[in-house]
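Let's take a walk through this model, one side chain at a time. Have it open in your viewer and follow along.

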Amino acid sequence: PEEFLCPISLSPMNDPVLLHQSGHSYDKAYLCISLLSQHDLDPKTNVRYGTTLSYTNNLVLRHLIMHQYGPFIYKPFDDSNFWQQQQQQRQNIMNNNNNNRHNDEPYDPDRFVWRAIGCGLVALAIVFLFLFAYPPPETDV
């Protein structure tokens with residue numbers, strides 16, 4: 001039945017949860033991934049609630065799905081550490097972006113142009129070295 005399909009993945013839900021704000025059910029893993037990028041957006045209705053969305057296990061739907069597909073369909077998604085890991089990854093990305101550019105150096109777009117020209121010259125030098133190091137064999141005509 002269509003009620004057993006996650007609106008995000010369009011596949012049977014392995015760990016159904018009920019979104020408090022809208023009352024729609026989702027697979028917990030797919031909802032968590034969606035909430036990472038849009039923490040206040042309902043994925044099905046595209047309604048912004050202005051606050052981080054919350055959810056709870058949908059036990060009734062879980063039992064109905066298990067009755068339809070068998071007990072093997074239930075695969076609980078552990079989200080207890082999920083949010084901390086994602087927050088840590090975001091912080092690491094921000095730190096890496098800040099470390100790549102020195103704060104005491106002003107932004108200079110010409111620097112990238114010169115770097116590209118330098119790379120082109122290096123590539124050209126490699127081509128010429130290859131041509132001179134390995135000349136074509138002489139053939140009798």
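A word on exposure before we start: a residue is called buried under 20% relative accessible area, exposed over 50%, and partly exposed in between, using a 1.4 Å probe and protein chains only. Bear in mind that this is a predicted model, where local features need pLDDT of at least 70, side-chain atom pairs count only at pLDDT 80 or more, and totals for chains, interfaces and linings use all residues. Residues are numbered from 1 along each chain as its sequence is written, and side-chain values use heavy atoms, with hydrogens and water left out.

Now to the aromatics. A pair of aromatic rings is described by the distance of the centres and the angle of the planes. Here, rings of Phe, Tyr and Trp (its six-membered ring) pair if their centres lie within 6.5 Å; planes under 30 degrees apart are stacked, over 60 edge-to-face, and the rest tilted. That rule gives one aromatic pair. The ring centres of Phe4 and Tyr69 sit 6.4 Å apart with planes at 65 degrees, so the pair is edge-to-face. Because Phe4 is in the segment before β1 (16-19) and Tyr69 in helix α2 (residues 59-69), the pair ties together parts 65 residues apart in sequence. (Helices are DSSP runs of H or I with at least four residues, strands runs of E with at least two, numbered from the N terminus.)

Leu64 and Phe4 are 60 residues apart in sequence, with their C-alpha atoms 8.3 Å apart in space.

Lastly, the cysteines: Cys6 is buried at 1%, and Cys32 is buried at 0%. Searching the whole structure for disulfides (cysteine sulfur atoms within 2.5 Å) turns up zero.
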